[in-house]
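Subject: Handover of a structure and summary of findings

Dear colleague,

Please find below the structure that I am handing over to you.

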Amino acid sequence: MKKFILLLLKPFSFLPALCMMYLIFSFSGQTGEASSSLSYDISHKIIVTADQVLDKNLSAERISYYTDRIHTPVRKAAHMTEYFILAICVSFPLYVYGLRGILLFLFAGFICVGFACTDELHQSFVAGREPSKRDVCIDSAGVFTGILLLQFVCWNILRSARNRY
């Protein structure tokens, strides 16, 4: 009975990946203006928080200047981070199903990078947005970092579990 319940529950392990895909798709559906405004607000909060923590008492002009300087890197870091998380959400269930090593790397990488490509295609239909090969490369860096990290962590957990017994 326990094996039957686990067999029924295993497909639900892909639910976090589907939720992450929906989240990414939602972000891509924002107009260029809305997306830029969101990342600008986040960049501004980062600078204001850093100013408070470091007690620099920056003027409004300096805060605006630094916000403009980090706006693009924050946007690109967001791309990389969301695909890093997606890669972990896709790779973990595949790992549980027994996919390991290069096969996991290739299979999860194909799913996530393929999604990044379709996401950029989706952006071509949204006002103020356009597809970018550069963004696919940034997304792919997040994907492969996530897959490698997951494999490393799982390998170490299994190794330490074997050494204990």
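A residue counts as buried when its relative accessible area is under 20%, as exposed when that area is over 50%, and as partly exposed in between. Please also bear in mind that this is a predicted model.

Aromatic pairs

A pair of aromatic rings is described by the distance of the centres and the angle of the planes. Four aromatic pairs were counted in the model. In one of them, the ring centres of phenylalanine 14 and tyrosine 97 are 5.8 Å apart and the planes meet at 20°. Planes under 30 degrees apart count as stacked, so this pair is stacked. The two partners come from distant parts of the chain, 83 residues apart. Phenylalanine 14 sits in the loop between helix 1 (2-9) and helix 2 (15-28), and tyrosine 97 in the loop between helix 4 (60-96) and helix 5 (101-123). Tyrosine 97 has a relative accessibility of 41% and is therefore partly exposed. Phenylalanine 14, at 27%, is likewise partly exposed.

Another pair is formed by tyrosine 65 and tyrosine 66, with 5.2 Å from centre to centre and 65° between the planes, an edge-to-face arrangement. Tyrosine 65 is partly exposed at 35% relative accessibility, and tyrosine 66 is partly exposed at 31%.

A further ring, that of tyrosine 95, has arginine 100 over its face, at 3.7 Å from the ring centre.

The nonpolar core

Which residues have the most contacts inside the largest nonpolar core? They are Tyr83, Leu86, Val90 and Val143, in a core of 21 residues. At least two residues of this core are supplied by each of helix 2, helix 4, helix 5 and helix 6 (133-164). Helix 4 provides the largest share, namely seven residues. Residues up to four places away in sequence aside, valine 143 touches Tyr83, Phe84, Ala87, Gly109, Cys112 and Val113.

The largest pocket

Rolling a probe the size of a water molecule over the atoms shows where empty space is left. The largest pocket holds about 320 Å³ of space. Its lining consists of 15 residues, and those nearest the centre are Phe27, Ser35, Arg75, Ala78 and Glu82. Helix 2, helix 3 (32-54), helix 4 and helix 5 each give two or more residues to this lining. Helix 4 gives the most, with five residues.

Two individual residues

Methionine 80 is placed in helix 4. With a relative accessible area of 35%, methionine 80 is partly exposed. Apart from neighbours within four places in sequence, methionine 80 is in contact with Ile138, Ala141, Gly142 and Thr145. Methionine 20 lies 60 residues away along the chain, and the C-alpha atoms of methionine 80 and methionine 20 are separated by 13 Å.

Glycine 114 belongs to helix 5. Its relative accessible area is 30%, so glycine 114 is partly exposed. Between the C-alpha atoms of glycine 114 and proline 11 there are 21 Å, while the two residues are 103 residues apart along the chain.

Yours sincerely,
A colleague

Notes:
Residues are numbered from 1 along each chain as its sequence is written. This is a predicted model: local features need pLDDT of at least 70, side-chain atom pairs count only at pLDDT 80 or more; totals for chains, interfaces and linings use all residues. Side-chain values use heavy atoms; hydrogens and water are left out. Rings of Phe, Tyr and Trp (its six-membered ring) pair if their centres lie within 6.5 Å; planes under 30 degrees apart count as stacked, over 60 as edge-to-face and the rest as tilted. Helices (H or I, at least four residues) and strands (E, at least two) are DSSP runs, numbered from the N terminus. Buried means under 20% relative accessible area, exposed over 50%, partly exposed in between (1.4 Å probe, protein chains only). A charge sits over a ring if NZ of Lys or CZ of Arg is within 6 Å of the ring centre and within 35 degrees of the ring normal. A nonpolar core is a set of buried Ala, Val, Leu, Ile, Met, Phe, Trp, Tyr and Cys residues joined through side-chain atoms within 4.5 Å. Contact means heavy atoms within 4.5 Å. On a 1 Å grid over the protein atoms alone, a cavity is a set of points where a 1.4 Å probe fits but cannot get out, and a pocket is an open set with protein on both sides within 12 Å along at least five of seven lines; lining residues have an atom within 4 Å of a point. Grid points are joined across faces, edges and corners, and a volume is the space filled by probe spheres set on the points.
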